[in-house]
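Please consult the sequence and the coordinates shown here while reading.

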Amino acid sequence: MEVKTFGVIGAGQMGNGIAQVAAMSGLQVIMNDINDEFVQRGMKNITNLLTKSVEKGKMSADEKAAVLGRIKTSVSLQDMAAADYVVEAATENEPIKFKIFQDLDKICRPEAILASNTSSIPIGRIAAQTKRPTQVIGMHFMNPVPVMKLVEVIRGLPTSDETFKLTWDLAVKFGKTPAESSDFPGFIANRILLPMINEAIYALYHGVGTREAIDTVMKLGMNHPMGPLALADLIGLDTCLAIMETLYKGFSDSKYRPCPLLRKYVEAGWLGKKTGRGFYEY
Ligand code: CAA
């Protein structure tokens, strides 16, 4: 099967990034969200990034117009009937994702592939929501999507080799480097990254250091591009908490318990960069 039309569910920070890289690779893209405000915000973000690329001389104005012309916005899931391949990048919430997959399974053509950008929900559990489990897979992009080179490709137990190969090849077409992970909580990326971030939050909670000291140690001492607390703000503290909960429940191991300070921030609505306040103010 050749993928020509690529659907993206969710126009948020991950969704609009995925739509952008797909459109830049030449695919026709349908970017969907639950209301017009969200899809327009997503389009605005893509337009701003493309404008910056033109200003930096990395892209011509014609290319920018062509990329934007390949992205159609949608507020109805029914539009996914036209897609060959759909990536869901909705909020990291199991019931919401399950409902989307149940609906997509009814709407999409029988041969269409349904992927999830989930950062931690088991792919097998998502696949079980559909009548096409062999065509369900994890396609996990990193934030910020246009910049980060990795796509984690997660095979659920029922995922077919054809679905896997198609997804792998798509990641390469998008200019990314894929890495294969099997379907365990947190996969590879978040199994390793999130406990580090959670530990940094514990260090803050225990008064081991200030937010600046903790981030400076990891930035300058370990050459990380940004400190773990700033990274948590970029990812979103609600997402960080959801991933820690998945690791904690999935392995039944207390070493993954989320830091109470992380929970407190999320309960206060301090979700990081997207709400203007997290470990830092924006
Ligand atoms: N969207 C698009 N492009 C962006 C961007 C964004 N949000 N932020 C920065 N960029 C671009 C800039 O425009 C710039 O592009 P040029 O090279 O063309 O000029 C380039 O990235 C570098 O940006 P800056 O010079 O402004 O800043 P920087 O060098 O500090 O890089 C960063 C910023 C890329 C975010 C870098 O700090 C970094 O790599 N941080 C770590 C990010 C990371 O770990 N991501 C993974 C998170 S985990 C995840 O996503 C998975 C999950 O499930 C939770």
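Serine 252 is located in the loop that connects helix H10 (237–251) to helix H11 (260–267). The model is a predicted one, and in it the phi angle of serine 252 is positive, about 45 degrees, although the residue is not a glycine. Serine 252 is exposed because its relative accessible area, 68%, is over the 50% limit for that class.

A positive phi is also found at asparagine 223, a residue other than glycine, where the value is near 60 degrees. Asparagine 223 belongs to the loop between helix H8 (211–222) and helix H9 (228–235). With a relative accessible area of 68%, asparagine 223 is exposed. As background, most residues other than glycine have a negative phi, and most peptide bonds are trans.

The peptide bond between asparagine 143 and proline 144 is cis, with omega about 0 degrees. Proline 144 is placed in the loop between strand E6 (136–141) and strand E7 (150–155).

**Domain arrangement**

The protein chain is divided into domain 1 (5–181) and domain 2 (190–275). The centres of the two domains, taken over C-alpha atoms, are separated by 26 Å. Seven residues from domain 1 and seven residues from domain 2 take part in the contact between them.

**Ligand surroundings**

Which residues are the closest to the ligand? They are Lys56, Lys58, His140, Asn143 and Asn190, within a shell of 17 residues that surround the ligand.

| Residue | Protein atom | Ligand atom | Distance |
|---|---|---|---|
| Lysine 58 | N or O atom in the side chain | oxygen | 2.3 Å |
| Asparagine 143 | polar backbone atom | nitrogen | 2.7 Å |
| Asparagine 190 | polar side-chain atom | oxygen | 2.9 Å |

Taken alone, the ligand exposes 1000 Å², of which the protein buries 61%. Helix H7 (189–205) and helix H9 are the elements that give two or more residues to the shell around the ligand. In terms of residue class, the shell comprises eleven nonpolar, four polar and two charged residues. Domain 1 (5–181) and domain 2 (190–275) each supply at least three residues to the shell.

**Two buried residues**

Serine 119 lies in the loop between strand E5 (113–116) and helix H5 (123–127). Is serine 119 buried or exposed? Serine 119 is buried, because its relative accessible area of 7% is under the 20% limit. Apart from residues up to four places away in sequence, serine 119 touches Glu92, His140, Gly186, Phe187, Asn190, Thr239 and Ile243.

Threonine 163 is part of helix H6 (residues 161–173). Threonine 163 is buried, with a relative accessible area of 1%. When its neighbours within four places in sequence are left aside, threonine 163 is in contact with Ile113, Thr134, Gln135, Val136 and Ile137.

Conventions:
Residues numbered from 1 in each chain as written. Predicted model: local features only at pLDDT ≥ 70, side-chain atom pairs only at ≥ 80, totals over all residues. Heavy atoms only, no water. Helix = DSSP H or I, 4+ residues; strand = E, 2+ residues; numbered from the N terminus. Buried < 20%, exposed > 50% of the residue type's maximum accessible area, 1.4 Å probe, protein only. Near = heavy atom within 4 Å. Polar contact = N/O pair within 3.5 Å; in protein donor to acceptor, adjacent residues only side chain to side chain. Areas by Shrake-Rupley, 256 points an atom, 1.4 Å probe, with all protein chains shown as cover. Nonpolar A, V, L, I, M, F, W, Y, C, P; charged D, E, K, R; others polar. Domains from an automatic or database assignment. Contact = heavy atoms within 4.5 Å.
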